[in-house]
Each structure stands twice: as structure tokens, then as C-alpha cells.
Amino acid sequence: MTGEPVTGDPVATALNPRLQEIVDDFRGVPDKDRLQLLLEFSQDLPPLPERYALHRDRMEPVPECQTPLFLAVEVEPDEDKGTVHLFFDAPPEAPTTRGFAAILHAGLDGLDADEVLATPPEFSSQLGLADLVSPLRLRGMAAMLSRIKRQVSRLRAAPPAAP
């Protein structure tokens, strides 16, 4: 496998370039090295800013994940398209969950809302992890993306806050 997306694959063509690059990275390594790559991503999950680190209650839990994971989404309201910012809290002893969160952060943070909303829900199947991690863990990643998209939609629909 060359790591290139299959021509005509609707999921591959719908991914934003950053997410496509991550998928290509995973598909470009042998199966045995994909878990290591996921662990490397887990180490790159940024720490929470103080506004969330001190107020976890401002974050949404993702109970579909096997370990406690919380996320927060912000959409900058002053831009036409609304830049999305993602924040995740996952324990260091949960590297798979942290890895999935880090993939979503690296692939979606800083994109405009339309790009985030256009992310196909099944993109994680392209990472080639189905035989390496449990289906329950993959459902957790899908749940993270679903909650991110729901929050982006809600935040875009909300009227701007008064100064």
C-alpha cells in the first residue's frame, strides 16, 4: 500500500488536508507500527488552558469512551466561517483515548466550522486500526467527533454574546 487515498473513495476525498495527512501517515506504516504511532499522538495532546483545567464542569463528558474523556469546543464568533478550537482532557494512563483525542485535535483544531462539520463520521476507519484496537474504542473516537460536530453546530447557531 502506498498510503495514497483510493481514487473515488468518498471518505478519502472528503477529508481536510490535515486529517488526510494523518490518515496517510497511519496507512503508510505496517500494522505493527500503527499502535506505536497512536501512542506518539497521545503524547502530543496539548494541556488544557486554565479556564478548563480549573473548571472541568465546563467540558462535556464522552461516556462512550472506555476511560474518562472530556471535551470542550469553542467557535470564534467574529469570523465569517468561525474558527474551531478543541480542548480535551484524558488521563495519561489512557494512551489510546488520548491518542484519538490528539488525532482529532491535530486534524480539526483551527479549521473553520464548515470544514469540521464536513468531516465524515467514519473517517477513523481509514486509520487502519480496526484489527488493533477494540470496536468499543473506535466507537469512542466516533462519539468524540459526533459531540464536536454537535457543539460546533450549536455554537454557530447561538446568537453572539453581548459585549
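1. Strand pairing. In this predicted model, strand S2 (residues 70-75) and strand S3 (residues 84-89) are paired in the antiparallel sense through 6 bridges. Within this pairing, Leu71 stands opposite Phe88 of S3. S2 also has a partner in S1: these two run antiparallel and are joined by 2 bridges. Here Pro61 faces Phe70 of S2 as its opposite residue. Strand S2 is mostly covered, since 5 of its 6 residues are buried.

2. The main nonpolar core. The largest nonpolar core contains 39 residues, and Phe88, Ile103 and Met144 have the most contacts inside it. At least two residues of this core come from each of H2 (17-27), H3 (31-43), S2, S3, H5 (95-108), H6 (113-117) and H7 (135-157). Helix H7 provides the largest share, with 7 residues. As a general background, nonpolar side chains in soluble globular proteins tend to be buried together.

3. Phe88 and its surroundings. Which residues does Phe88 touch, if those up to four places away in sequence are not counted? They are Leu45, Pro46, Leu48, Met59, Leu69, Phe70, Leu71, Ala101, Leu104, His105, Met144 and Ile148. Leu71, the residue that stands opposite Phe88 in the strand pairing, is therefore also one of its contacts, where contact means heavy atoms within 4.5 Å.

4. Glu60, a buried charged residue. Glu60 is found in strand S1 (residues 60-61). Is Glu60 buried or exposed? Glu60 counts as buried because its relative accessibility is 14%, and the limit for a buried residue is under 20%. Leaving aside neighbours within four places in sequence, Glu60 is in contact with Leu69, Phe70, Leu71, Arg147, Arg150 and Gln151. Its side chain makes a polar contact of 2.3 Å with that of Arg150 and a polar contact of 2.4 Å with that of Gln151.

5. The link from Glu60 to helix H7. Glu60 forms a salt bridge with Arg147, in which the closest N and O atoms are 2.6 Å apart. Because Glu60 lies in strand S1 and Arg147 in helix H7, this pair ties together parts that are 87 residues apart in sequence. Both Glu60 and Arg147 are buried. A network of salt bridges links Glu60, Glu64, Arg147 and Arg150. In general, side chains of opposite charge can pair when their charged atoms come close.

6. Two further salt bridges. The count of salt bridges comes to 8. One of them joins Arg34 to Asp31, with the closest N and O atoms 2.7 Å apart. Arg34 and Asp31 are 3 residues apart in helix H3, so about one helical turn separates them. Arg34 counts as buried at 7% relative accessibility, whereas Asp31 counts as partly exposed at 44%. The side chains of Glu74 and Arg51 also meet in a salt bridge (2.8 Å, N to O). Since Glu74 lies in strand S2 and Arg51 in helix H4 (residues 50-53), this pair ties together parts that are 23 residues apart in sequence. Glu74 is partly exposed, with a relative accessible area of 22%, and Arg51 counts as partly exposed at 39% relative accessibility.

Conventions:
Residues are numbered from 1 along each chain as its sequence is written. This is a predicted model: local features need pLDDT of at least 70, side-chain atom pairs count only at pLDDT 80 or more; totals for chains, interfaces and linings use all residues. Side-chain values use heavy atoms; hydrogens and water are left out. Helices (H or I, at least four residues) and strands (E, at least two) are DSSP runs, numbered from the N terminus. Buried means under 20% relative accessible area, exposed over 50%, partly exposed in between (1.4 Å probe, protein chains only). A polar contact is a pair of N or O atoms within 3.5 Å; within protein, one must be able to donate a hydrogen and the other to accept it, and residues adjacent in sequence count only if both atoms are side-chain atoms. Two strands pair if DSSP finds at least two bridges between them. A nonpolar core is a set of buried Ala, Val, Leu, Ile, Met, Phe, Trp, Tyr and Cys residues joined through side-chain atoms within 4.5 Å. A salt bridge is a side-chain nitrogen of Lys or Arg within 4 Å of a carboxyl oxygen of Asp or Glu.
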